[in-house]
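Walk through this model with the coordinates open.

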Amino acid sequence: MGENEANLPNTALQGKKMAYQKVNADRRAPGHSQYLDNDDLQATALDLEWDMEKELEEPGFDQFQLDSAENQNLENSETADLSLDPIQPATSPKGRFQRLQEESDYVTHYTRSAPKSNPCNFCRLLKLFCTASILFISGILIGYYTHKNCSSNATSSGTHDLQLHQEILKTIQAEDIRKSFRNLVQLYKSENDIEISKKIKTQWTSLGLEDVQFVNYSVLLNLPGPSPSSVTLSSSGQCFHPNGQPCSEEARQHGSQDPLYSYAAYSASGTLKAEVIDVSYGNADDLNRIKKMKNVTNQIALLKLGKLPLLYKLSLLEKAGFGGVLLYIDPCDLPKTATLSYDTFMVSLNPGGDPSTPGYPSIVVPLLHFLGIQKTDGSFRQNRSNLTSLLVQPISASLVAKLISSPKDRITHSACSPLELPNNEERIVSMQIQTVTKFETVTNVVGYLKGSTSPDRYIIVGSHHHTAYSYNGQEWASSTAIITTFIQALMSRVKRGWRPDRTIVFCSWGGTAFGNIGSYEWGEDFKKVLQKNVVAYVSLHSPVSGNSSLYSVASPSLQQLVAEKNNFNCSRRGQCPETNISSVQMQDDANYFINHLGVPTVRFTYEDIKALEGPSFLSEGFFPKRATKIEEMDPFFKLHETITKLSGEVILQIANEPVLPFNALDIALEVQKSLKGDQPNTPQLLALASRLRESAELFQSDEMRPANDPKERAPIRVRMLNEILQDMEKSFLVQRAPPGFYRNILYHLDGKTSQFSILLEAWEHCKSLASNETLQEALSEVLNSINAAQVYFKAGLDVFESVLAGKN
């Protein structure tokens, strides 16, 4: 909304109290999953008595929790196919709005005044009576048959769309995904990503996808040096590689990994000899405790990866005065099935994009000599070979055990003892880090399936492919196989004359391991277009990381849609977490679209339940995984098939529904939920959140419900409504956020806390400081975001009122 719209005359927000009488289960919400249906669901009647004001008294997301009957484990053997239960009707306000508008006695409740009619004299009315009667009767007959035909066409059109969607989804087969996966992993040992990119483009083009193209960027990569980094114990003189292997021994391969690639991209390089100080997870409390006991200046921190964003913890260590960091993952934070004691990993210290061109794309253009700029093949570059003054080195848990002289077997009586360095013991080590920087080409593969009615509105579907000079495991092959199989299913229908209403853009990103460079550069390159046209982002990043629980991440406006698709039994050998849908920070290429464009985003993935219970930011480490690991987790690729179909349903529904399936009210509820807790909240925040909820309730009931009713739908109103829905989350992009934190404050650091992350961080930060300036700044950011959203919805309501008044 522009500033002019935001200043439209105010209208009183009136409470809307709506009784909900009886809803049949066979009146499903749009996009209901038919491939998961059974006949029993169609025969079930659902009696609901719903008072909207009463139900919304306690904002929250309890409606997303799976019923206990739906959380049963499959009793089949390990080789049994995945069995899916029917999807139940949504119990959300949005779902009920959608079903309410299908009721025969549905009446819209607008609080707009009707225009007054001019008085007519009796004689004139008598003269016109005969003519009016004839016209009236004719109008009734014409209107009756027209309405009958339109209603029939609207109903048949909606049913036809659902049938088309299910036909497309039925063509998705696990065997096709497995074949594509195996073809891709054969290219894994390529020295660069050009060969893989060419393979992807060839496949997508052969399937019939339109306008498939390479989008290349010349970017600055920080790569390992000619020899592995090392850590030397001063007491014994023993030298070790990051995986714990002695430097004197011939290189051994653990898990088919290269010791060279155990490093932190964009770390400072050099040599540092200092005392190792155990800082645990490196939060503010840990550092305050340690600084009271020891002088940490130019010392080496022993840091665990996991509970907070790595970039945030490194910023605290750098500010405290540390000189180096030995980074590791405690085995106690991993599922028992994971054996990573000898495995090393890679991390990137890059917050996103090409470090040498922050905020603008690394496009290849010639620079004019008379500008006095050194000749280059691309954009102006900043000298940013390292993004921190710290020397950062990832090491294995086995090397940590050697540094602290800990016995190898630390698991007794099923209890795991975390790795710790006693405070009264001193360890002096020398760490040496060698890295090189060079410009390399990062390639994105982008293909378009243009929409038929709204080609200027885009749903972006993103996967990623292997990046040179790093190891991504094999999840990139899963990601690419899934997106390719979905394209195949879509194009088989397109060849028979069908098209989605909105354009679907398929992207395979390069440079993900170095800080989502490919997606960031593409986003910066097309920022103006994307700000206006992108409707949603569907991520296919790392679709199968475990096999025990389906886990979904979605922005608040999409959580109701995901709940409709996600309500089925979890896979064998596990239980569902209590809440399987949340808005948490994702470590993938959705980052740019969430934090710079405010685009609603969704991702489905299979995880290990124990991994979900552990620290949230373990995924920041890139581990080498063999292809057999993926096939061991999902030998028949049934989990891959489920992810493809669930993602496909969401994509098709967003691409084809006349009204975008986004929920304004859930955003307001999420804001109120985020203000609960122990941290201090000003009365202004709570009051603004309440006003935002009132506006969202009125917007949802007065504007979204009529637009969802084909009998009341007007093209101009639908277009206006979709523009409002598309930009709802942009109000929550703050200007400043701590390193590693999302700028979109609707996303949380993990699923265990519901408070705004920047407020939690500021509150913890001010505990150790005499000033509360940081907290006040964070409170101001949150307050301005809530106020902007309130003004946005209010302006939208005023615009709709003006349109109605104009028609009257």
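A disulfide here is a pair of cysteine sulfur atoms within 2.5 Å. The model is predicted. Searching the whole structure under that cut-off gives two disulfides.

Take C239 and C247 to begin with. Their sulfur atoms are 2.1 Å apart, and the two residues form a disulfide. Which hand does this disulfide have? The torsion about its S-S bond is about -65°, so the link between C239 and C247 is left-handed. C239 has 25% relative accessibility, so C239 counts as partly exposed. C247 is also at 25%, and therefore partly exposed.

The other disulfide joins C332 to C416, with an S to S distance of 1.8 Å. The link of C332 and C416 is left-handed too, with -85° about the S-S bond. C332 lies in the loop between β9 and β10 (347–348), while C416 sits in strand β13 (residues 415–416), so the pair ties together parts that are 84 residues apart in sequence. C332 is partly exposed because its relative accessibility is 25%. C416 is partly exposed as well, at 30% relative accessible area.

Now zoom out. The protein has 808 residues, and buried residues make up 56% of them. Its secondary structure comes to 23 helices and 21 strands. Among contacts with a separation of 6 or more, 83% involve residues 24 or more positions apart. The accessible surface is about 34,900 Å², and carbon and sulfur atoms hold 51% of that area.

Next come the sheets. Strands of a sheet pair through backbone hydrogen bonds, in either a parallel or an antiparallel sense. At the β11 end, β9 (residues 324–328) pairs with β11 in the parallel sense, over four bridges. There, L326 stands opposite Q393 in β11.

A helix covers part of this sheet. Which residues of α9 are buried? They are L310, Y312, K313, L314, L316, L317 and A320. Just after the helix, G321 takes a positive phi of about 110°.

Another open sheet has eight strands, ordered β3-β15-β17-β16-β18-β21-β19-β20, and its pairing is mixed. Its edges are β3 (210–224) and β20 (581–582); each has a single partner strand, so one side of each lacks a neighbour in the sheet. Within this sheet, β16 (residues 454–464) and β18 (residues 534–539) pair in the parallel sense over five bridges. Y458 has V534 in β18 as its bridge partner. Helix α21 (residues 715–726) lies across β16, β17 (502–509) and β18. The helix runs at about 30° to β16.

Finally, go inside. The largest nonpolar core has 174 residues. Those with the most contacts inside it include L317, F322, W522 and F699. L317 also belongs to the buried residues of α9. Which residues does W522 touch? Leaving out those up to four places away in sequence, its contacts include V215, Y217, I460, C507, W509 and F593. C507 is at 0% relative accessibility and therefore counts as buried.

G518 sits in helix α12 (residues 517–525). Its relative accessible area is 0%, so G518 is buried. Beyond four places in sequence, G518 touches V442, N444, W509, G510 and G511. G518 and Y217 are 301 residues apart along the chain, and their C-alpha atoms are separated by 7.6 Å. Both N444 and W509 are also among the contacts of W522.

Note on methods: Residues are numbered from 1 along each chain as its sequence is written. This is a predicted model: local features need pLDDT of at least 70, side-chain atom pairs count only at pLDDT 80 or more; totals for chains, interfaces and linings use all residues. Side-chain values use heavy atoms; hydrogens and water are left out. Two strands pair if DSSP finds at least two bridges between them. Helices (H or I, at least four residues) and strands (E, at least two) are DSSP runs, numbered from the N terminus. Buried means under 20% relative accessible area, exposed over 50%, partly exposed in between (1.4 Å probe, protein chains only). Contact means heavy atoms within 4.5 Å. Accessible areas come from the Shrake-Rupley method with a 1.4 Å probe; for residues, only the protein chains shown count as cover. A nonpolar core is a set of buried Ala, Val, Leu, Ile, Met, Phe, Trp, Tyr and Cys residues joined through side-chain atoms within 4.5 Å. Axes are lines fitted to C-alpha atoms, for helices over the stretch in contact, and angles run from 0 to 180 degrees between N-to-C directions.
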